Amino acid sequence: GWSGDDKNDAFVFTLAATQYNHVQSAIKTHIGNKLRPLDTSSMIFPGSEQSAVWKVEDGIEILVVPTTGLPSVACVGYTMAFFGSASAAKLGRSVWQHLISEDNMDGPVEVGPREYETLRIQAGQPAFGHEFGFRQREEQPQSQNDQDGSNIRHKKQQDDSANAIKTSPLELHWKSTLNLEKGCYLGQEGVASILKNPRGPPRLLYSVVFEDHFNLYESQSRGDRSDVENLTTLPRPGQNLYALGSNEELMVGTLTSVGEAGGTGDPNTVALALVKRADSIQKQMKDLGLEISRESANFLDVDTISGSGLVQPPPMDPLDGLEVIVEGTMTVGILRSIPSRRLRRDANMFDDSLQVEGIPTKDSRLSHETRIPPKGEPSSSMSSGAPTTEWDNDSDNTSSSSTSSTVEELEAAAAKAAAEAEAAAAEAKRKAEKMELLKKRAEEAMARRKQKKQ
């Protein structure tokens, strides 16, 4: 739940689950009787590219949007905003308290801020102030010279510039948020240069998993009798990551977000990091004699969804599985592709046997046209003029139907993988031919030596 501004004229909360129909059922079951004159039959839920405004008693309006702020591989659901008046905010709080009440045994479970932040990081969702936007500034006491406000604006501009997080949507896997046909706009040159570069973006967002069985943290070993200082510390945003075994010679990226230790329910700590180009890292690893160890247990899973029984191939991402170490510490982690890139589009990151069902793009019962009823005719409880909004499928939990941009990305990735496989096959063939030639020359040389001895 979230309260609005100081006037307290809004209250917002989000309901999420693994399926949209579960959330719809929960709304109808647990709060339907609190939204009179709406009833379960008149609750029209918006499509993935829509939003709806429900009108209830006392002129209160509720904005319903099919979003949780997280990718659909983590959860799907609806955000409900009670807005426009103090009575609307009061109703929103009342509904929220009813939902999370201990007396509501079958109601949803409340997720606190730390749990949500860890879930965001685990799901690979970028956030303002971490992966883009501006870093949070610490409040500094005003000097006497700033009391009149003459220097505040100049300092704020300097602070904004220093705290700006310079990332591209392409680095955050947000290509679908870009309109590639639009004319001039701020940042267009940078986006165009990345799209034209065959090597792709200079960095990409990755998950980093710090397993507890690899890391005995300093906070856990305090009090132990040891003459050796424990340098295994919990990772922090802003720390650099190096390839394990490179003696901190090969920096691969920088941590941007770190979840709560053990916050996933598993014995690990999850994080997000912006990582340099794979080809550059691979070249430097080769020069250092390093390679990515791929354990078969991490990817040789049988496809149980389709019933084909096929064994899943290794990950396409060349850096998936790279072991890294946090600068100045002994803390070891493993790079993983973020879930939305690693899993199939309709998958759930917590249950690979689950297929997430999408919702229609639009519900025809929600219209753009606002009809003004004739005098004396009661207005509908559902606003017919609800706005329609485009929602990003990569960063949000909209319909699981494929968009054209996503299809293009998949086709491009498949073509790139096919080209790499073809190149690898050609290289293997060339090496085999070379070895055969060398073998033939060696045999000829041995034959000549025997002839000389005879």
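Predicted model: local features only at pLDDT ≥ 70, side-chain atom pairs only at ≥ 80, totals over all residues.
Residues are numbered from 1 along each chain as its sequence is written, and side-chain values use heavy atoms, without hydrogens and water.

**The barrel**

Now show strand β8 (residues 203-211) and β13 (residues 332-337). They run antiparallel, joined by 4 bridges. Strands here are DSSP runs of E, at least two residues long, and helices are runs of H or I, at least four long, numbered from the N terminus. Two strands pair if DSSP finds at least two bridges between them.

β12 pairs with β13 in the antiparallel sense, over 3 bridges. Click Glu323, whose bridge partner in β13 is Ile334. Next click Ile325, which stands opposite Val332 in β13. The hairpin of these two strands has 5 residues between them, and there Gly328 takes a positive phi near 70°.

Bring in the rest of the sheet. The order β8-β11-β10-β9-β12-β13 makes a closed barrel of 6 strands with antiparallel pairing. On average, neighbouring strands are turned by 45° against each other, direction ignored; the axes are lines fitted to C-alpha atoms.

**The cores**

Select Phe13, Ile27, Leu35, Trp54, Met80 and Phe82. Of the 31 residues in the largest nonpolar core, these touch the most other members. Such a core is a set of buried Ala, Val, Leu, Ile, Met, Phe, Trp, Tyr and Cys residues joined through side-chain atoms within 4.5 Å. Buried means under 20% relative accessible area (1.4 Å probe, protein chains only).

Colour the elements that give two or more residues to this core: β2 (10-17), α1 (20-30), β3 (52-55), β4 (61-65), β5 (76-83) and α2 (86-100). Which element gives the most? α2 does, with 6 residues.

Then jump to Ala243, Leu250, Met285 and Val324. They are among the 21 residues of a second, separate core.

**The pocket**

Last stop: the second largest pocket, with a volume of about 1000 Å³. A pocket is an open set of points on a 1 Å grid where a 1.4 Å probe fits, with protein on both sides within 12 Å along at least five of seven lines; lining residues have an atom within 4 Å of a point.

Select Thr14, Ala16, Val109, Val111 and Tyr116, the closest to its centre of the 37 lining residues. β2, α1, α2 and α3 (113-123) each supply at least two residues of the lining.

Key. Buried < 20%, exposed > 50% of the residue type's maximum accessible area, 1.4 Å probe, protein only. Points joined across faces, edges and corners; volume = space filled by probe spheres on them. Axes fitted to C-alpha atoms, helices over the stretch in contact; angles between N-to-C directions.
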